[in-house]
Amino acid sequence: MDDEPLDRWAARRQGRLRKPGEKKAIALGPGPQRAAHLNPEAPRLVLEWDGFAWQALTTVEDYAAACRALSPTPEAAPADRPDTTGPTTGRNPLAPGTGRHRKPRP
């Protein structure tokens, strides 16, 4: 039998473990847990993994609110950073083009 060194096994195991701070939402409805989209109006409980157990963070009113709680929108771009698309670059990303994936215009 080919034995693996303990430090390599521990590193592999650590990579498979759930990371502290990971969040999930579960439906607070009757019956067993089902896919989230099946009962979108049900209230949700948002949980966070602390490294040992799931801890309750908050409750939200529905599936959409749970999605917002789990994936907050990134902060808006600072106003001092220049825009990389649009008329200032001389290129409109939505303008008709001649790339391979474009259909020729009649």
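User: Which residues lie nearest the centre of the largest pocket, and how many residues line the pocket?

Analyst: The structure is a predicted model, in which local features need pLDDT of at least 70 and side-chain atom pairs count only at pLDDT 80 or more, while totals for chains, interfaces and linings use all residues. Residues are numbered from 1 along each chain as its sequence is written, and side-chain values use heavy atoms, with hydrogens and water left out. The largest pocket is lined by 14 residues, and A27, P32, Q33, R34 and N39 lie nearest its centre.

User: What makes a residue part of the lining of a pocket?

Analyst: A lining residue has an atom within 4 Å of a point of the pocket; the points lie on a 1 Å grid over the protein atoms alone, and a pocket is an open set with protein on both sides within 12 Å along at least five of seven lines, whereas in a cavity a 1.4 Å probe fits but cannot get out. The volume of the largest pocket is about 180 Å³, taken as the space filled by probe spheres set on the points, which are joined across faces, edges and corners.

User: Which element gives the most to the lining of the largest pocket, and how does the lining divide by residue type?

Analyst: Strand β1 (residues 23-27) gives the most, with 3 residues. The lining comprises 8 nonpolar, 4 polar and 2 charged residues, where Ala, Val, Leu, Ile, Met, Phe, Trp, Tyr, Cys and Pro count as nonpolar, Asp, Glu, Lys and Arg as charged, and the others, Gly among them, as polar.

User: What secondary structure does the protein chain have?

Analyst: The protein chain has 2 helices and 3 strands, in the order α-β-β-β-α from the N terminus. Helices (H or I, at least four residues) and strands (E, at least two) are DSSP runs, numbered from the N terminus.

User: Why is L47 called buried?

Analyst: Buried means under 20% relative accessible area, exposed over 50%, and partly exposed in between (1.4 Å probe, protein chains only). L47 has 9% relative accessibility and therefore counts as buried. L47 belongs to strand β2 (residues 44-49). Leaving aside residues up to four places away in sequence, L47 touches E22, K23, K24, I26, W54, Q55, A56 and L57, a contact being heavy atoms within 4.5 Å.

User: Why is G29 called partly exposed?

Analyst: The relative accessible area of G29 is 33%, so G29 counts as partly exposed. G29 is in the loop between β1 and β2, and its C-alpha atom is separated by 8.5 Å from that of N39, 10 residues apart along the chain.

User: How do you know that E4 and R12 form a salt bridge?

Analyst: A salt bridge requires a side-chain nitrogen of Lys or Arg within 4 Å of a carboxyl oxygen of Asp or Glu. The N to O distance for E4 and R12 is 2.7 Å, so the pair meets the definition. E4 is partly exposed at 34% relative accessibility, and R12 is partly exposed at 42%.

User: How many salt bridges does a search of the whole structure find?

Analyst: The search finds 2 salt bridges. R18 and E22 also meet in a salt bridge, at 3.4 Å, N to O.
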